[in-house]
Amino acid sequence: MNLELDCRGLLCPLPVIKLAKALPTVAVGDTITVLADDPAAATDIPAWCRMRSQQLVSAAENVYVVRRVS
């Protein structure tokens with residue numbers, strides 16, 4: 001299953017907050033795709049994944065795919 005979060009137009013830290021709130025709603029192994037056009041998301045989302053031990057599958061063109069690891 002893949003959940004998609006449309007965070008376009010939202011400024012930091014809202015995309016990361018929405019990602020954090022959505023993570024428990026998906027099963028381990030599933031992904032969340034975050035659409036975020038705030039330039040800060042390019043550093044915030046990968047940093048959040050590292051801090052929370054979640055997998056950043058891809059990050060390109062304002063699209064971030066995060067896999068729930070735990």
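In the predicted model, Asn 62 is located in the loop that links strand 3 to strand 4 (63-67). Its phi is positive, at about 65 degrees, although Asn 62 is not a glycine. With a relative accessibility of 40%, Asn 62 counts as partly exposed, because this class covers values between the 20% limit for buried and the 50% limit for exposed residues.

A positive phi is also found at Ser 53, a residue other than glycine, where the angle is near 55 degrees. Ser 53 belongs to the loop between helix 2 (41-52) and strand 3 (55-60). The backbone has a further feature at Cys 12 and Pro 13, which are joined by a cis peptide bond with omega of about 10 degrees. Pro 13 is placed in the loop between strand 1 and helix 1 (14-22).

Along the principal axes, the C-alpha atoms occupy a box of roughly 30 × 20 × 20 Å.

Within this fold, strand 2 (residues 31-35) is largely enclosed by the rest of the structure, because five of its five residues are buried. In a regular strand, side chains alternate between the two faces of the sheet. Both faces of strand 2 are covered, with Thr 31, Thr 33 and Leu 35 buried on one side and Ile 32 and Val 34 buried on the other. Strand 2 pairs with strand 1 (residues 2-6) in the parallel sense, over five bridges. One of the residues involved is Asn 2, whose bridge partner in strand 2 is Thr 31.

For the protein as a whole, buried residues account for 37% of the 70 residues. Of the contacts between residues at least 6 apart in sequence, 61% join residues at least 24 apart. The protein carries 7 positive and 7 negative charges, and the mean positions of the two sets are 10 Å apart.

Notes. Residues are numbered from 1 along each chain as its sequence is written. This is a predicted model: local features need pLDDT of at least 70, side-chain atom pairs count only at pLDDT 80 or more; totals for chains, interfaces and linings use all residues. Side-chain values use heavy atoms; hydrogens and water are left out. Buried means under 20% relative accessible area, exposed over 50%, partly exposed in between (1.4 Å probe, protein chains only). Contact means heavy atoms within 4.5 Å. Lys and Arg count as positive and Asp and Glu as negative; His and the chain ends are not counted. The place of a charge is taken as NZ of Lys, CZ of Arg, CG of Asp or CD of Glu. Helices (H or I, at least four residues) and strands (E, at least two) are DSSP runs, numbered from the N terminus. Two strands pair if DSSP finds at least two bridges between them.
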